[in-house]
Amino acid sequence: MKLVIVESPAKAKTIERFLGPEYKVEASYGHIRDLPRTASETPTAIRDKAWGRLAVDTDGGFRPFYIVPAESRRHVRDLKAKLAGADEIVLATDEDREGESISWHLLEVLKPKVPVRRIAFHEITRPAIRAALQSPRDVDERLVRAQEARRVLDRLFGYSLSPVLWKKVRTKLSAGRVQSVALRLIVEREEERRRFHVSEFWRAKATLAQGEEAFSAVLTRVGGRALATGKDFDSTTGRLRESSRALSLDEDAATRIAGTAFDAVPWRVDSVERKSSVQRPAPPFTTSTLQQAASNRLGMSPRQTMSIAQRLYEGVDLGGGDREGLITYMRTDSVTLSNKALGDAGRYIEGSFGSDYYQGPRRYRTKSKVAQEAHEGIRPSEVGRTPDQLSRFLDRRELALYRLIWSRTVASQMADARLDRTTMEVVARIDGVDHTFQATGSVVRFPGFFKAYGTPRKDQLLPQLEEGDEIHAGGSPGTGSAGPTNQPGHGVVLRSVEPERRETKPPPRYSEASLVRKLEEEGIGRPSTYTPTISTIQERDYVRKRGGNLVPTYTGMAVNQLLRAHFEQYVDLGFTARMEDALDDIARGDVESESFLRDFYNGRGGKPGLARQIEETLPGIDYPAVTAGTDPDTGEPIQIRIGRTSVYAQRGQGDSVARATIPDELLIDELTVDKLTELLNSSRGAEEPIGSDPATGLPVFVRTGRYGPYVQLGRTKGRAKPRWVGLPKGMDPSEVTLAYALQLLSLPRTLGQDPESGEPVKAGLGRYGPYVQREREYRSLESADRIFTVTLDEALTLLAQEKRSRRTTRTVLKELGPHPESGDVLRVLKGRYGPYVTDGATNASIPRGANPAATTIEQAVELLAGAAQRKKTRRPGGRRETSAARR
C-alpha cells in the first residue's frame, strides 16, 4: 500500500478518487508541528533558558524547538498507524513554502523507513495527479529553510515587541511583522483624513440634447483661464494652491453664469477631437487581484474569497461519484498560464465568439521578481467547463467566484476592445467673455474581451457635430432654460444650464481589498499572508469595518503611535519589504538563514538588533496618548488614553483633570472636539447623583461607559461593582428622571408563572434591547416602554411564536423528512459557513465539496449523530492558529 498524505480531508477525498486501490490518501489536518504557544507547551528542557519563552535558541544558531500540539497528536497517531502498513509514502501537500514545510515536518515526526516521494501539482484533476506521480522529487530544503526563517522571524518580532505593548498600552495585545505595518497604513490614512480640509468650488453644467438623447457639458474655462478642480486646492488648508493659476468660482459666480447662459445663444462648437483607442485585457488572477476583484464585483471579503476558492480547488462533487478540483492553486503571485490552458482557451474563444475575438496566445510576464508561490495564475482547471455547466453543483457564492475566475481567464486570451473617444468644446460668449464647456463621450466599436469579462461603465454618446456648428436654445422656459427656437439641421439644442457645487474629497479609507493591493505594491507580505494579516488586526480590535472600510480604533492608534515613535524601523514599509526580499533570497539559496536572523535580532556592525533596542528603549517609553484637540472653552489639550478595560478622554492635569469613558461604538471618525467636550462635561456632572433610591438610600447616577449611557445604583467601592442598567437605545441621558432610573434598576420585571411549566416569566432590558423571557427562551419587545406594560398573557403569546433569528431565516435547500428514531423533521439549510443538516436541536455541517441537494436521510442521521457525539466529548480550548495566522 502507498500512503499519500495531504493537508485536508476534502483534498484527500478528491485525490483518492483518481488513484487505484494500491493507494490510501490521508490528511495531516494542516501543520502537525509548530513552536509552542504557551508556557505549558514549552518543553521542560528549555523552560529555564533565557530564550525559553521564544522557543528559539538565540544563543546557538537560532534553532527553533517544535512541539506537536495536543490537537494534532491524534492525527499523528493515525498517520503512524497507517504508515505501519505502507511500503511507500507520497507527500502531496500544497506546492508553496507552507506546503513544503508541512511535508518536511511530516518526515521529521513520522521518520519513515520506506521510500518517500514528494509530488506537486497546480490543480486537483486526474491528469494533473497522474502527471505528478510520474515526476516525483525530494522535499526542497531551500524552501523549507525559507519558511522556517519566516516563522522564526515572526516569532522573534511578535514575542519580543508584544510584551512592550502589554506593559505600556494594555495586556493581550500583539505586534506582528506584517500586521503592524498594515496597521500603520490604516492609521496614517486616518491621520491624513483628519488633517484634510474640505474645500468647496463651483462650476456650471449644461444639458444639451438631440431629440430625446441628452448629454452634458461642464464649464472648464472662462476667458481662456482654466477652472479650478480638486487637485488645485491644498488638502491641509483648503485654499487654492499658490502655484495654481486656475480660477475658483463661488456659488454666486456659478449661479450668475447659469442664469445668463441663454442670453449668449447661439453657442458655437469650437473644437471636436476624435481618437480611437484600444483597451487590453488584464492578465489572469493572482491571489491579491482575485481578492480585489471579488471585493469590488461580488462584495466578498478576502477571507470569504479564499475560503470559497479553497473549496473550488480541493474538489467539488459533480454527481455520479465524480469529484474534481475546479480551479488551480489559489495562493500565487504568478500570471502565467500553461500551454494546455492557453490552447484550451484559444479553442473555446474561436468556437464561442469567432476567430476575430482570438489573437492569442497571450503570454503575460509576472511583475513580481519573487513569484514563487505557484507557477500559474488562478484559472479553471478545465477552461471548457463553463459556469453554466456547474450551476447545479455549486452554491450561489461558489458559482459567482468560479464565474469571475473563468471569465477573467478567457478574457485574458481575447482580442483588445476598440473604442472611439470624442472630446467636444462648445463656447458661449457671456458678458463679452468666452466660456468654454466640454463634453466627452465614447462608443465601443469592437467589444473584444468585453464579451467575456463585461463592458465597463457606459459613457454618454455624443452627436455628430463639427467645428463651427451653432447650438440654439430649446426646452422649457424658466431660470437657466429657454423655450424652443428654430433648431439647426443637426438638431442639437441647449436645454438647461445649472450651477453645480463640488468639493474636494479626503483620501479614501482602505477597504480590505485596497489594503491588500497596497501591501502588494509595497512588497510586503506574500499571497498566503494577506488574509490572515487583515483578520488579525480586526480580531485584535485594532481596526473595525465601517461601511466596508477599515477604521482604526483608539487601541490601534495607540499601538501604532508607540511602535512608530520608539521602533520606527520595524514598522517602516521599506524595511519590511527588504526583509521579504531577504526571505526570498534564502529560498533561492543566495542568503544563509542563520546569519539573517542573527543580524535582525542581535544586530550587526555596531548597529543594535531588536533585542538590544527593546532593552535600551523600554525604560523611556511613556504610556501613549492620542492628542484629539483642544477644549474651545478652557484651552486645555484633550487626549485619548487606553485604560485597562476601556478607552477614555482626559482634559487637563492634576487637581483639574477631567476624564470620561468613550463609548465603544464611537470611533475616531465620529469623535469631534465638540463631542469630546460634551462627554467630559457630562462626566463631571455624572459625579453628582440625580437622586436617591428610597428603598436603600443609595445615590442614583446617570453615566456614560464603554457600551454607552447607563444608570447606576450606588458608588463604586474597590472591586465591588454596583448595580447598573444600560439606557434604551437612542435615549438622551439628559432626559432620564429619578423615577425612570429607578424603574430601569428594578428590572427584570416578573410578570408571573407559565401555567404549563411553572417557570417564571420576566420582562427586561438587555444588550440587544427589550425582551420577555422564560428560562432560556427570549423574545424581543417592540419598544422599551413595553417592558413596563406587557402582561403575562402577551408575553406567553410572544414566547409561543417561532423565534425570529438568523437560524429561522436560513434558506431551506432540501426537506429530508422525519428522523427515523425521533421523528424530528430533518432539513438541509444554507448557513453562513456553508450548508448543514439540522433536526432543530443539533446542526451538522455537510462536508466541503459534497452536493447539499444530494444529501439523503441516512447521511443526515449519520452526520447529526457524529455532531452530537463531538458535542459531548468536546474539551475546552480554541482552534489552533496556523503560523500564517499569527503574522
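**Close-up views of a predicted model**

**View 1. Leu816 in strand 33.** Leu816 is part of strand 33 (residues 811-818); helices (H or I, at least four residues) and strands (E, at least two) are DSSP runs numbered from the N terminus. The model is predicted: local features need pLDDT of at least 70 and side-chain atom pairs count only at pLDDT 80 or more, while totals for chains, interfaces and linings use all residues. Residues are numbered from 1 along each chain as its sequence is written, and side-chain values use heavy atoms, with hydrogens and water left out. Leu816 counts as buried because its relative accessibility is 10% (buried is under 20% relative accessible area, exposed over 50%, partly exposed in between; 1.4 Å probe, protein chains only). Leaving aside residues up to four places away in sequence, Leu816 touches Leu826, Val828, Thr855, Thr856, Ile857 and Ala860 (contact: heavy atoms within 4.5 Å). Ser103 is 713 residues from Leu816 along the chain, and their C-alpha atoms are separated by 41 Å.

**View 2. The buried face of helix 4.** In helix 4 (residues 126-134), Ala128, Ile129, Ala132 and Leu133 are buried. Down the helix axis these residues fall within an arc of 135°, so they line one face of helix 4 (the arc is that of the directions from the helix axis to the C-beta atoms). Pro127 and Gln134, on the other side of helix 4, are exposed. The cover over the buried residues of helix 4 includes helix 1 (9-16), strand 2 (23-27), strand 5 (88-91) and strand 6 (116-118).

View 3. Val265 and Pro266 are joined by a cis peptide bond with omega of about 5°. Pro266 is in the loop between helix 7 (251-260) and strand 10 (267-279). The peptide bond from Leu747 to Pro748 is also cis, with omega near 0°. Pro748 is in the loop between helix 21 (738-745) and strand 29 (749-753).

View 4. Most residues other than glycine have a negative phi. Phe62 has a positive phi, near 55°, and sits in the loop between strand 3 (56-57) and strand 4 (63-64). At 5% relative accessibility, Phe62 counts as buried. Phi of Lys172 is positive, near 65°. Lys172 is in the loop between helix 5 (141-168) and helix 6 (179-195), and is exposed, with a relative accessible area of 77%.
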